[in-house]
Amino acid sequence: MYRNIEDITGKRAFLSTGCIKAMNGDIIIDKEKILERWAEYIRELFKDDRKDHNIMKNNFAGPPIMKEEVETAIKKMKHGKATGLDNISVELIEALEDFGIGKVTHLLNEIYDTGQIPTDLSKSIFIALPKKPGATECELHRTISLMSHITKILLKIIMLRIRNKIKPEIAEEQCGFVEDKGTSNAIYILRTLIERALKVQKDVYLCFIDYTKAFDRVRHDEIITRLKQLNIDGKNLRIIKTMYWEQTAAMRIENKTSTFQDIKRGVRQGCVLSPDLFSLYNEIIMRNLENHPGIKVGGRT
């Protein structure tokens, strides 16, 4: 249906202009210099003064990964997705049937037990898509991330293991990235509160916070601190921390790749854990608002 609507309306994805602006405003046309500019942009966007990565040595809790967990994670993954640097797709693993499942389970258990993630599995490739026609600034591009399907399977298993501890921490007020909730719920709540306030002739003031590149500015130290407070298994926490502290990314343009840059802040693009981790991070803000004045409903502000 959506494909037919796009054909009728003539909507198409915006194509890249083939040039980009430098920090001083000059237009860059040379492909190598464009890649250098993107590497510079990634480095500046994701830099942070986080703490050094210390390997956790005092918590080794966590049951081994079972073949059934790998099978469940693979079934939940979407087909037709681009691969990461290892060029291994989920369709390839499925085609190998029980042999493929067994090999992936063995590999994931080695990673899970040692806490060491192979370099190719912690690297991501960014693809830049212009937000509007003729975009030449890096900021006016939306980046999508290509990551290893093996990594996605591992993180999906960890997500299913820790979600039961994260979910109770998310307040009812949060509608984003919450099951069976969405923007329409938040709009309905606001409309209802405004209508009730108008009936009793009360003034209503709304405050909207514009999070500029919200996903890209999440601090890793805060995420780990929050996860530690939930007492999740040490092996799960170690994998998450290692994944964030050792991740690197590069920009790909026309089959050419820039130099890899360290990603020192922000939740991972394309990662199944990112929505849950962002909601948990956002909960810090929600809890700091509890004692502020507002509209009371059922005794709650």
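The paragraphs below lead through a helix, the salt bridges and a nonpolar surface patch of this predicted model.

After α8 comes Gln201, a residue with a positive phi, near 55°.

Side chains of opposite charge can pair when their charged atoms come close. In this model the count of salt bridges comes to eleven, and one of them joins Glu137 to Lys21, with 3.4 Å from N to O. This pair links distant parts of the chain, since Glu137 sits in the loop between β3 and β4 while Lys21 belongs to strand β1, 116 residues apart. Glu137 counts as partly exposed at 27% relative accessibility, and Lys21 is likewise partly exposed, at 28%.

Another salt bridge is formed by Asp49 and Arg219, whose closest N and O atoms are 2.9 Å apart. Asp49 lies in the loop between α2 and α3, and Arg219 in the loop between α8 and α9, so the pair ties together parts that are 170 residues apart in sequence. Asp49 counts as exposed, with 63% relative accessibility, whereas Arg219, at 33%, counts as partly exposed. Together with Asp48, these two residues are linked in a network of salt bridges.

Turning to nonpolar side chains, Ile88, Leu92, Leu96 and Phe99 make a surface patch of about 360 Å².

How values were computed
Residues are numbered from 1 along each chain as its sequence is written. This is a predicted model: local features need pLDDT of at least 70, side-chain atom pairs count only at pLDDT 80 or more; totals for chains, interfaces and linings use all residues. Side-chain values use heavy atoms; hydrogens and water are left out. Helices (H or I, at least four residues) and strands (E, at least two) are DSSP runs, numbered from the N terminus. Patches are made of residues with over 30% relative accessible area and no salt bridge: like charges are joined within 9 Å, nonpolar side chains (Val, Leu, Ile, Met, Phe, Trp, Tyr) within 5 Å. Accessible areas come from the Shrake-Rupley method with a 1.4 Å probe; for residues, only the protein chains shown count as cover. A salt bridge is a side-chain nitrogen of Lys or Arg within 4 Å of a carboxyl oxygen of Asp or Glu. Buried means under 20% relative accessible area, exposed over 50%, partly exposed in between (1.4 Å probe, protein chains only).
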